[in-house]
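Please read it alongside the sequence and the structure shown here.

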Amino acid sequence: MTARLDAPFRPRRARIAGYAVAVLVVVTMLVVSIALGTSPDSGWTVVDTLSALVFAALVAGGLVRLVGVRALPTDDALVVRNVLYTTRVDWGAVIAVRFGGADPWLTLDLDDGQNLAVMAVQRADGAHAQAEAERLARLVRSRAPQPPPG
């Protein structure tokens, strides 16, 4: 199945694993809190249960943010949401799309000399990631402003 040229870029394996671990953390903390709260002589209090659940929610939230990386193509730009920052890059600002060597994710070379990691395309996704890198390169070629003839 091939993606539409303008479909969002998202990691596959990291999302599956991250969401599964987030659910596992919350469920585990909930079960442990209930078990300790109902166990006589455990010393576990309601405050302990609430603290454990808040901790689980923070860990799960961090994991969801970590795997929520994506790159959204629009008509005039690529909006890259990495873990901490969201960056909008005009198509004409992208000089090259690099996805090689031992880099864990795709990198854009920009016209201001900066490099921008696109964590939505991750080497861990294997052939799918390579296909996504090629799709992004096609998008850059097709959407970058063309110089006037002559």
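In this predicted model, Val 23, Val 27 and Val 31 make a nonpolar surface patch of about 260 Å². Patches consist of residues with over 30% relative accessible area and no salt bridge, like charges being joined within 9 Å and nonpolar side chains (Val, Leu, Ile, Met, Phe, Trp, Tyr) within 5 Å; accessible areas come from the Shrake-Rupley method with a 1.4 Å probe, and for residues only the protein chains shown count as cover. Val 31 lies in helix H1 (residues 13-38), and it counts as exposed because its relative accessibility is 51% (buried means under 20% relative accessible area, exposed over 50%, partly exposed in between, with a 1.4 Å probe and protein chains only).

The model is predicted, and local features need pLDDT of at least 70, while side-chain atom pairs count only at pLDDT 80 or more and totals for chains, interfaces and linings use all residues. Residues are numbered from 1 along each chain as its sequence is written, and side-chain values use heavy atoms, with hydrogens and water left out.

An open sheet is formed by 3 strands in the order S4-S5-S6, with antiparallel pairing (two strands pair if DSSP finds at least two bridges between them; strands are DSSP runs of E with at least two residues, helices runs of H or I with at least four, numbered from the N terminus). Strand S4 (94-98) and strand S6 (115-122) are the edge strands, each pairing on one side only. Strand S5 (residues 105-110) is joined to S4 by 4 bridges, and within S5 Asp 109 stands opposite Ala 96. Asp 109 is buried, since its relative accessible area is 18%, and its side chain makes a polar contact of 3.0 Å with that of Arg 98 (a pair of N or O atoms within 3.5 Å; within protein, one must be able to donate a hydrogen and the other to accept it, and residues adjacent in sequence count only if both atoms are side-chain atoms).

Salt bridges, defined by a side-chain nitrogen of Lys or Arg within 4 Å of a carboxyl oxygen of Asp or Glu, number 5, including those tabulated here.

| Salt bridge | N to O distance |
|---|---|
| Asp 76 and Arg 88 | 2.8 Å |
| Arg 88 and Asp 90 | 2.7 Å |
| Arg 135 and Glu 132 | 2.8 Å |

Arg 135 and Glu 132 are separated by about one helical turn, because they are 3 residues apart in helix H3 (residues 127-143). Arg 135 is buried at 2%, and Glu 132 is buried at 8% relative accessibility. Elsewhere, salt bridges that share partners join Asp 76, Arg 88 and Asp 90 into one network.
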